[in-house]
Amino acid sequence: RTHHGLLDLAALLPVPGMQVFAPCDARELERMVRWTITQDGPCAIRYARDGSDLPAHRDGEFQPGKWERLTEGEDLTLLATGTMVRQAVLTAERLKKEGIHASVVNCSSIRPLDLALLHTLQGKRYYTMEEHMQTGGFGMFVAQACMERGWTLPVETFAVRDQFPAHGSHRLLMKDVGLDPESMAAEILRRTGNNGKRSVR
């Protein structure tokens, strides 16, 4: 291994011409591989050990620069990439119990971004989610693209802060860095000021 697993996006995204992808499940990984072997330029696929499929994810050809809405909600949007798509779905379920309806978007194409979908979020509340260091990661890449265009920035970029997680089970480590559904839902509720009795737009 040439680098820590939480630093790969920071190393890959600055490379000129590099395309970077992160599948949400094994089915999408398979479609990505089929697409990348037809390309002449550099491509990187960031995938997890867990190969279980995501039921809400649709089948079809992989398209770079195209994200997929898994659920629809009028209050806010969760932009998640890779392993965090599953966590975003669970976070949205917890928010729904508190009266907040969230859209979940599978952002499997990190570079290029889906600028068309990002543009639809102007003036709206949205969050990014990734299993990566915050510095140099997906959320900051989204924020940079939006700043360059004068678009609305993410309310929060859920990622690993300036620390290396300790050793342990994946579930416990995610909770330790605040990337489990319970912690993320609680932070979103705190930021919206929602009391569980009404929706926040």
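Here is a short tour of the structure, one selection at a time.

Before you start, note that this is a predicted model, in which local features need pLDDT of at least 70, side-chain atom pairs count only at pLDDT 80 or more, and totals for chains, interfaces and linings use all residues. Residues are numbered from 1 along each chain as its sequence is written, and side-chain values use heavy atoms, with hydrogens and water left out.

**Stop 1: strand β4**

Select residues 76–80, which make up strand β4. Strands (E, at least two residues) and helices (H or I, at least four) are DSSP runs, numbered from the N terminus. 5 of the 5 residues here are buried, so β4 is largely enclosed by the rest of the structure. Buried means under 20% relative accessible area, with exposed over 50% and partly exposed in between (1.4 Å probe, protein chains only). Show the side chains: Leu76, Leu78 and Ala80 lie on one side, Thr77 and Leu79 on the other, and both faces are covered.

**Stop 2: the neighbours of β4**

Two strands count as paired if DSSP finds at least two bridges between them. Look for Leu76 opposite Ala102. Now trace the chain from β4 through helix α3 (residues 84–97) to β5: this β-α-β crossover is right-handed, meaning that with the strands pointing away from the viewer, the path from the first strand over the helix to the second runs clockwise.

**Stop 3: the core**

Which residues touch the most other members of the largest nonpolar core? Select Leu76, Leu78, Leu95, Met129, Leu179 and Ile188, out of 27 residues in that core. Such a core is a set of buried Ala, Val, Leu, Ile, Met, Phe, Trp, Tyr and Cys residues joined through side-chain atoms within 4.5 Å. Its largest share, 6 residues, comes from α3.

Centre the view on Ile188. Leaving aside neighbours within four places in sequence, the contacts of Ile188 (heavy atoms within 4.5 Å) include Leu76, Thr91, Tyr127 and Phe158. A second, separate core of 22 residues includes Ala22, Ala44, Tyr126 and Phe138.

**Stop 4: the open sheet**

Finally, select the 3 strands of an open sheet with mixed pairing, in the order β2-β1-β6. β2 (43–45) and β6 (109–111) stand at the edges with a single partner strand each, so one side of each lacks a neighbour in the sheet. Strand β1 (residues 19–21) and β6 run antiparallel, joined by 2 bridges, and Phe21 has Ser109 as its bridge partner.
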